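This report goes through one protein chain, region by region. Please keep the sequence and the coordinates open while you read.

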Amino acid sequence: VRALAARRPDVVKIVYAPTGRMPSIDRATLAAAVEAATGAGISTVVHVNTWEDARDAAEAGATAVTHVPPGALPDDVLATLVARGTVSIPTLAVELGLLSLTARPELLEHPLARAVSSEGLRSVYASGEVGSADGWRARQVEQKEEKLAAVRRMHEAGVPILAGTDSGNYGTIQGWSVHHELMLLVEAGLGPWEALAAATTRAADFLRRDYGVGVGAQANLVVLEASPIEDIANTQRIAFVIHRGRLVDREALLAR
């Protein structure tokens, strides 16, 4: 962590899964890593596999935990997250994405989804014949309601929620899945304004970045053709993007 701190990262990502198929660092190492990062003024995001892992991470002082473990969210874990001010990054786009896309293949017919994915990938998801990913989908069928309920309970209890996707895994599409994540957050109980904040203002606060349209703010803006407050899926209806004050040539990027 000290070596990483010299490179001034936005966050330190820590994989904490002391039990299960791929055990990682132990609790003492987790605590030491979080302490070192915090001492250097760097936020920490901790990958967790179980709710017990989430409790350990919160008690260690982690800034955020990511993913929604299987099973009902225990009351004491929720209380710990609230008391410690721990942020949650649910990544429902990966937790439920494969199920969502095979159940609703029409999602992939949106022009933005088509622009950033291949016909082959979309056809596999639409067919429902996902081969080695069948086990993932079966678990998502079993765990969907518990995962949505866990996110809803965290949100209602005041746990800050940020948007994340874990793209690269089954059921995710680079670039598009952040829009899918917002739809799933709304399905879990967040309002459209709250889902937008999870991907914009609240995310900027987490990364200590400025935002807005005031003089001196970073001129990073996504301008939409329709209101995402009326329908969160309208975040995909992008009119244009401004990055650091310059209009982005989206057509040239998408053509690649």
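## Accessibility and D166

A residue is called buried under 20% relative accessible area, exposed over 50%, and partly exposed in between. D166 has a relative accessible area of 30%, so D166 is partly exposed. The model is predicted.

D166 sits in the loop that links helix 9 to helix 10. Its phi is near 60 degrees, which is a positive value in a residue other than glycine.

Is H67 buried or exposed? Its relative accessible area is 10%, and the cut-off for buried is under 20%, so H67 is buried.

## Helix 9: K147 and R152

Helix 9 spans residues 134-157 and holds R152. K147 lies in helix 9 too. K147 is at 3% relative accessibility and therefore counts as buried. R152 has 31%, so R152 is partly exposed.

What does the side chain of K147 make a polar contact with? The partner is the side chain of E95, at 3.0 Å. Beyond residues up to four places away in sequence, K147 touches V68, P69, P70, E95 and L96.

R152 can also be placed relative to L253. The two are 101 residues apart in sequence. Their C-alpha atoms are 36 Å apart in space.

## The nonpolar cores

The largest nonpolar core has 52 residues. Which members touch the most others? They are V46, W51, L92, V151, M154, W176 and L185. Helix 10 (residues 177-188) gives this core its largest share, five residues. There is also a second, separate core of six residues, with V45, V87, L162 and F206 among them.

Residues up to four places away in sequence are set aside here. L185 then touches P90, L92, V151, I161, L190, A195 and A198.

## Helix 10 against helix 11

How do helix 10 and helix 11 pack? Helix 11 covers residues 192-199. The angle is about 140 degrees, and the axes are 9 Å apart. Angles over 145 degrees would count as roughly antiparallel, so this pair is oblique. The crossing is right-handed. Helix 10 makes the contact with L182, L185 and V186. Helix 11 makes it with P192, A195, A198 and A199.

The buried residues of helix 11 are A195, L196, A197 and A198. Helix 10 and helix 12 (201-206) are among the elements that cover them.

## S177 in helix 10

S177 is part of helix 10. Its relative accessible area is 0%, so S177 is buried. What does its side chain reach at 2.7 Å? The answer is the backbone nitrogen of I173.

Neighbours within four places in sequence are left aside for the contact list. S177 is then in contact with A93, T165, S167, G171 and T172.

## Helix 2 against helix 3

Helix 2 (residues 27-39) and helix 3 (residues 51-60) form another packed pair. Their angle is about 40 degrees, with the axes 9 Å apart. Angles under 35 degrees would count as roughly parallel, so helix 2 is oblique to helix 3. Helix 2 passes helix 3 in a right-handed crossing.

Which residues make the contact? From helix 2 come R27, L30, A31 and V34. From helix 3 come D56, A57, E59 and A60.

## L224 in strand 5

Strand 5 (residues 221-224) contains L224.

L224 is in contact with N234, T235, R237, I238 and A239, leaving aside its neighbours within four places in sequence. How far apart are L224 and F240? They are 16 residues apart in sequence and 7.1 Å apart in space, C-alpha to C-alpha.

Methods: Residues numbered from 1 in each chain as written. Predicted model: local features only at pLDDT ≥ 70, side-chain atom pairs only at ≥ 80, totals over all residues. Heavy atoms only, no water. Helix = DSSP H or I, 4+ residues; strand = E, 2+ residues; numbered from the N terminus. Buried < 20%, exposed > 50% of the residue type's maximum accessible area, 1.4 Å probe, protein only. Polar contact = N/O pair within 3.5 Å; in protein donor to acceptor, adjacent residues only side chain to side chain. Contact = heavy atoms within 4.5 Å. Core = buried A, V, L, I, M, F, W, Y, C linked by side-chain atoms within 4.5 Å. Axes fitted to C-alpha atoms, helices over the stretch in contact; angles between N-to-C directions. Parallel < 35°, antiparallel > 145°, perpendicular 65-115°, else oblique. Left-handed = near helix turned anticlockwise from the far one by under 90°.
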